[in-house]
Amino acid sequence: MKTERIFFIVVVFIIFVILLGGVGYFFLFLGKYRLIDCIYMTVITITGVGYGEILDVSGNDSAKIFTMFLIILGMGIIAYGVTSITALFIEGELTGLIKKRKMEDKIKKLSNHYILCGGGETGRPLMVEMSKNDENIVLIEFDDDKIKKCESVIKGLLYIQGDATEEQNLIDAGIERAKGLFIALPSDKDNLYITISSRMLNSDIRIITRMTDKRFEAKLKKAGADRIISPNSIGALRMASEMIRPTAVDFLDKMLRSQKGDLRIHEIIISENSPLNGKRIMDSGLKDKYGLLVLGSKNLSDDEIKFNPPPTCTLKKGMTLIIMGEVKNIIKAKKNFKCDDGCQPIPGRA
């Protein structure tokens, strides 16, 4: 029996007995005593407080029988409630309920966060990487074992336990306030359905989805997915790279998996009021102050990425810089280059 249901049953029965006793005494004494006095008499009777009878039942056999009935019924319900709640404590269900409520409160306060549908073999390392980049992410997963595995690698995991294809779970995860959505379920049909639902709930959210069957690619794009990732295709490219450029692959692996450092490739979007707007790369302080290496740049007007832009390149509104450096320095740079008047990054889907 679910925790919420047990509490509901106990509370309903207690309220029922109190009302039954109060109304019963009121009619047994033909309205001689006030209803509040009758309810008070009921409460002290079923709880065994022993403050003394405020209703005189000594000469009323019906009232005596009714009082005995209330004591038996009330004590039985209280015993059931105490036993059930104690069992919940022992089994950890009550602790889990409190934890769930706190987690829901934290999720409600999030904005510009990320949501992950599916905490399996793809989703779990994805969450680890997002966590290393200091990004807030909420997991939607039905399987309790998968949630526990994610909790073992993610400290303070935020999650919604339920079916990601159900719209309410997406809403509970804050889809309307979220910045991005990862869909990593094994079923392409489920991924397609979630893509459609999510795009309807938030037209601006960036959606990255997993795909196994190539036949679903066109449908996923039409449904609103920004990027479609095929594990099979990526696996094939990785195998080829391991064969012909093993040292380069080893470098990237160590950069991503090393426990000694947090070197990452990231991006910074130049907004209109950013201190970087109008400055040359060599004057921006990205390298000297933050130790960041500019690997490439992309203008808002086109999809072309310029690799290794010259130091004299002027940074402009809407430009995206691809940078490499330590996570802590990337976070510091992005924070310091934010607009002071609360302006938002340049909109648009890549």
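The legends below describe close-up views of a predicted model.

**View 1. Helix α2, residues 35-47.** This helix has 13 residues. From its first C-alpha to its last it reaches 18 Å, close to the 18 Å expected at 1.5 Å a residue. Cys 38, Met 41, Thr 42, Ile 44, Thr 45 and Ile 46 of α2 are buried. An α-helix has 3.6 residues a turn, so residues three or four places apart point the same way. After α2 comes Gly 48, which has a positive phi, near 70°.

**View 2. The open sheet of 6 strands.** The strands are arranged in the order β3-β2-β1-β4-β5-β6, and their pairing is parallel. At the edges are β3 (158-161) and β6 (227-229), each of which pairs on one side only. From one strand to the next, the twist averages 15°.

**View 3. Strands β4 and β5.** Strand β4 covers residues 180-183 and strand β5 covers residues 206-210. The two run parallel and are joined by 4 bridges. Gly 180 stands opposite Arg 206, a residue of β5.

**View 4. Helix α8 on the sheet strands.** Helix α8, made of residues 188-201, lies across β1 (114-117), β4 and β5. Its direction is at about 175° to that of β5.

**View 5. Residues 339-350 and the confidence of the model.** Over residues 339-350, pLDDT stays under 50. The model has 19 contacts beyond four places in sequence for this stretch. For the chain, the mean pLDDT is 84, and 89% of the residues reach 70 or more.

Terms used
Residues numbered from 1 in each chain as written. Predicted model: local features only at pLDDT ≥ 70, side-chain atom pairs only at ≥ 80, totals over all residues. Heavy atoms only, no water. Expected span 1.5 Å × (residues − 1). Buried < 20%, exposed > 50% of the residue type's maximum accessible area, 1.4 Å probe, protein only. Pairing = 2+ DSSP bridges. Axes fitted to C-alpha atoms, helices over the stretch in contact; angles between N-to-C directions. Contact = heavy atoms within 4.5 Å. pLDDT = per-residue confidence, 0-100.
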